[in-house]
Amino acid sequence: MSIERFVRPNIQKLKPYSSARDEFEGNGEVFLDANESPYETDVNRYPDPYQRELKKEIAKIKGVNAQNIFLGNGSDEAIDLIFRIFCEPGKDNIIISDPTYGMYKVSADIHDIEVVKVPLSESFEFSAQENLDKVNDSTKVIFICSPNNPSGNDLSVDEIERVIKGFEGVVVIDEAYIDFSDQNSFSNKIDQFPNLIVLQTFSKAWGLAGLRLGLAYASEVIIGYFNKVKPPYNINQLTQKRALEALKNKAEVQANVTTILSEREKLRNELEQLPNVIEILPSDTNFLMVRFENAPEIFQYLLSLEVIIRDRSKALHCDKCLRITVGTPEENKKLIDNLKSYQQ
Ligand SMILES: *Cc1c(COP(=O)(O)O)cnc(C)c1O
């Protein structure tokens, strides 16, 4: 059964914008086709709409075929396009976990798509059955974030796979934090599951949040729809260039991940010793969720010292929880020193 029957009929029929550079084959030497300025500024030409060079390098590093990659202006763009491709405004619904990354609901609200929330267990475990039980005829997409933000834990690979097999619509696995996790990416399962979309990002481990570059891996059919619906030049020339440079520094990125992981455990040990820390949740990410006896006061106290953390205490099962991103060793020390002086 083809995933295409979950694509909105208007999108199936859509005739995409054809850019100047789509309309010829072969090599060009003089480009008088796109009304660009002929004067060199480094960026006077439109960028490659399909980011071929960049995808080739990503394909090598990630072990995925270039035809199975979509690049977006952050994962946010990929999430937005998933709604545009599959969800009929005012009619369809999606299923998300609770708590999870806030962008799925915001994007759903923008597109007037109903959001069905399935609570994670108190220890933030994910149940395939509870997700599948909520599916109805209007359910187009199930979003799964693993490792999950804000809880920080890996969700069960077996449970996720049960959802991919048990639901005929689209299953999105958001792997923004996969570089900090021991688990394997689902990206090597896109050939096996035509309804699977895996999201990753350059914003976390790769250290390029300011570039805005997100990835989606999926079957060629789904990637074809992403390409059809996206703005023609969604990844600008400078981003493509900078990302290509960054891919050469894979070893450096890996070294930073290793440092962050060891800093995370150091931070955990230090925090555990503070009297008003109730609990620190398990983490497979670059952050720690910490339950404090007096979370609002701690948050305000750190803020007054210009140390900014994130209050996640309103999220389900996250009462009194503050989310702390692992920083450099110096930043982490400053955080701990400040928290220690709060005690006195
Ligand atoms: C940070 C994060 C992203 C990254 O989004 P970008 O738009 O690529 O910066 C995606 N998903 C989750 C769960 C995140 O926490």
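This is a predicted model: local features need pLDDT of at least 70, side-chain atom pairs count only at pLDDT 80 or more; totals for chains, interfaces and linings use all residues.

Q: How do the residues of the shell around the ligand divide, then?
A: Four are nonpolar, five are polar and four are charged.

Q: Which residues are the closest to the ligand?
A: D174, T201, S203, K204 and R212 are the closest. They belong to a set of 13 residues that surround the ligand.

Q: What distance separates the side chain of S203 from an oxygen atom of the ligand?
A: An N or O atom in the S203 side chain is 2.6 Å from a ligand oxygen. T201 has a polar side-chain atom 2.7 Å from an oxygen atom of the ligand. For N149, a polar side-chain atom lies 2.9 Å from a ligand oxygen.

Q: And how much of the ligand's accessible area does the protein cover?
A: The protein covers 93% of it. On its own, the ligand has 380 Å² of accessible area.

Q: Back to R212. Where does R212 lie?
A: R212 is in the loop between strand 6 and strand 7, and strand 7 spans 214–218. R212 has a positive phi of about 65 degrees, although it is not a glycine.

Q: Why does R212 count as partly exposed?
A: Its relative accessibility is 29%. Partly exposed means between the buried limit of under 20% and the exposed limit of over 50%, so R212 counts as partly exposed.

Q: What about H317, what is its phi?
A: The phi of H317 is positive, about 65 degrees, and H317 is not a glycine. H317 lies in the loop between strand 10 (310–311) and strand 11 (321–325). With a relative accessible area of 22%, H317 is partly exposed.

Q: New topic: helices. Which residues of helix 8 are buried?
A: T239, Q240, A243, L244, A246 and L247 are buried in helix 8, which runs over residues 237–247. They cover an arc of only 160 degrees around the axis, so they sit on the same side of helix 8.

Q: What do those buried residues of helix 8 pack against?
A: They pack against helix 2 (52–62) and helix 9 (250–272).

Q: Let's zoom in on Q240. What does Q240 touch?
A: Leaving out residues up to four places away in sequence, Q240 touches P47, D48, Q51, L54 and I235. Q240 has a relative accessible area of 8%, and is therefore buried.

Q: What happens at the start of helix 8?
A: A side-chain oxygen of N236 comes to within 2.9 Å of the backbone nitrogen of L238.

Q: Which residue caps the N-terminal end of helix 6?
A: S156 does. A side-chain oxygen of S156 lies 3.3 Å from the backbone nitrogen of D158.

Q: And which residues are buried in helix 6?
A: E159, I160, E161, V163 and I164 are buried there; helix 6 covers residues 157–166. These buried residues pack against helix 5 (128–133), strand 4 (139–145), strand 5 (170–174) and strand 6 (196–201).

Q: One more helix. Which residues of helix 10 are buried, and which are exposed?
A: In helix 10 (residues 295–304), A295, I298, F299 and L302 are buried. These buried residues fall within an arc of 100 degrees seen down the axis, so they line one face of helix 10. P296 and S304 are exposed on the other side of helix 10.

Q: What follows helix 10?
A: E306 follows helix 10, with a positive phi near 65 degrees.

Q: How far apart are the C-alpha atoms of C87 and R8?
A: They are separated by 6.5 Å, while the two residues are 79 residues apart along the chain. R8 is also one of the residues that C87 touches; others include D92, I113 and K140.

Q: Last one: which residues does a cis peptide bond join?
A: P99 is in the loop between strand 2 and helix 4 (103–110). Another runs from S146 to P147, with omega near -5 degrees. P147 has its place in the loop between strand 4 and helix 6.

Conventions. Residues are numbered from 1 along each chain as its sequence is written. Side-chain values use heavy atoms; hydrogens and water are left out. A residue is near a molecule or strand if one of its heavy atoms lies within 4 Å of it. A polar contact is a pair of N or O atoms within 3.5 Å; within protein, one must be able to donate a hydrogen and the other to accept it, and residues adjacent in sequence count only if both atoms are side-chain atoms. Accessible areas come from the Shrake-Rupley method with a 1.4 Å probe; for residues, only the protein chains shown count as cover. Ala, Val, Leu, Ile, Met, Phe, Trp, Tyr, Cys and Pro count as nonpolar, Asp, Glu, Lys and Arg as charged, and the others, Gly among them, as polar. Buried means under 20% relative accessible area, exposed over 50%, partly exposed in between (1.4 Å probe, protein chains only). Helices (H or I, at least four residues) and strands (E, at least two) are DSSP runs, numbered from the N terminus. Contact means heavy atoms within 4.5 Å. The arc is that of the directions from the helix axis to the C-beta atoms.
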